[in-house]
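These entries record what I looked up in the model, beginning with the ligand site and moving on to the domains.

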Amino acid sequence: MKIAIAGAGAMGSRFGVMLKRAGNDVILIDSWAEHVQTINQKGLKIETDHGSKQVEIPAFLPQDVNFQPELVVLFTKSMGLPKMLQDIQPILTANTKIVCLLNGLGHIATIEKYLNKANIFMGVTVWTATLLGPGHVKLIGDGGIEIQNIEPTQKKAAEEICGVFDVAGLKAKYSANVMFSIWRKACVNGTLNTLCTLLECNIAQFGSLPQSDQLVKQIVAEFAAVAAHEDVKLNVDEVAAYIGKLYDPSQAGEHYPSMYQDLIMHHRLTEIDYLNGYVAQRAEQFGLKTPVSATLTELIHAKESLLVKN
Ligand code: NAD
């Protein structure tokens, strides 16, 4: 299959490498010129459980792509999605299918500006990856993906996409309720990512705080109220308990969430507007009150103003 990975940072590179190895015709698209240039000149360097390798895979800046993909896999950061879609619009046709695997909320509305609902497939993944530098990624550990069609008539197409990912070892499953999984992952990120970043602590440290359960429950309750208006039912106690297991200090380890790594370690912007920020903004439209999410969003933006250099 002809596949374009739009947004080829850590995760896009992982998916690109695995899909290419399975025999697909794959290109990477990314707006970071040094990354694209390094991949084209030296190959993509990958660190795996079995050592280091150099993988040849063509990479393009979004405005330079000359390729007609049957499938586009979106893997930008949330804030990069509108610009990426705008830039690759010339290669999207009425037959192009698009799979969105970004974290965060509100992406369907953005993609719908460029493609019909029938062409859009939403997913969520527990694979991980780390970008070590231009043309250099770390791909360790195991994962999986859930994918579902947005338009009810497109179930077979979603199953076919799952098949392509599955053959590549990406362990994809058709989901009967992917929006639930996307919201539940947003709850994880909207609590642990946001709070560990503001508190500048790792997940085990967060779990050892006397305030952790109450803070998580307040945030999850706000997410659930907004989700209900989007026809997604989140049980606050169940989701809070699910997150509680992740920050149980006896299990959690000294892991710093990705938002912490982006903002505190690398001084990069965060996906907050697509997590707590999305909830606060939608709540206003629905006439709901989500003061915790609104304040957390402002605090992260304030921290971005202090730490991110332009
Ligand atoms: P990433 O940070 O690795 O890359 C995103 C983009 O940032 C790149 O495409 C690149 O254009 C740019 N970039 C990165 N470093 C740069 C630098 N030093 N200079 C200039 N530009 C730079 O993003 P990611 O981790 O692959 O995340 C993509 C999406 O997948 C996000 O929505 C994320 O939340 C989600 N996600 C990530 C993981 C993970 O383990 N990384 C797991 C699940 C979901």
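This is a predicted model: local features need pLDDT of at least 70, side-chain atom pairs count only at pLDDT 80 or more; totals for chains, interfaces and linings use all residues.

In the side chain of E271, an N or O atom lies 2.7 Å from an oxygen atom of the ligand. For the side chain of R268, I noted a distance of 2.9 Å between an N or O atom and a ligand oxygen atom. A10 takes part through its backbone, with an N or O atom 2.8 Å from an oxygen atom of the ligand. I then computed the cover: the ligand taken alone exposes 810 Å², and the protein buries 78% of that.

I listed 19 residues around the ligand, of which A10, M11, D30, N103 and E271 come nearest. By class, I found nine nonpolar, five polar and five charged residues in the shell.

I consulted the domain assignment, which gives domain 1 (2-176) and domain 2 (179-307). Both domains give residues to the shell, so the ligand lies between them.

I found 15 residues of domain 1 in contact with 17 residues of domain 2. The area buried between the two domains is about 1500 Å², and carbon and sulfur atoms give 59% of it. How many salt bridges does the rule find across this interface? I recorded one salt bridge between domain 1 and domain 2. I also noted that the side chains of K77 and D262 meet in a salt bridge, at 2.7 Å from N to O. For polar contacts across the interface, the rule finds six residue pairs.

How values were computed: Residues are numbered from 1 along each chain as its sequence is written. Side-chain values use heavy atoms; hydrogens and water are left out. A residue is near a molecule or strand if one of its heavy atoms lies within 4 Å of it. A polar contact is a pair of N or O atoms within 3.5 Å; within protein, one must be able to donate a hydrogen and the other to accept it, and residues adjacent in sequence count only if both atoms are side-chain atoms. Accessible areas come from the Shrake-Rupley method with a 1.4 Å probe; for residues, only the protein chains shown count as cover. Ala, Val, Leu, Ile, Met, Phe, Trp, Tyr, Cys and Pro count as nonpolar, Asp, Glu, Lys and Arg as charged, and the others, Gly among them, as polar. Domain bounds come from an automatic or database domain assignment. Contact means heavy atoms within 4.5 Å. Buried area is the accessible area (1.4 Å probe) that two parts lose on being put together, summed over both. A salt bridge is a side-chain nitrogen of Lys or Arg within 4 Å of a carboxyl oxygen of Asp or Glu.
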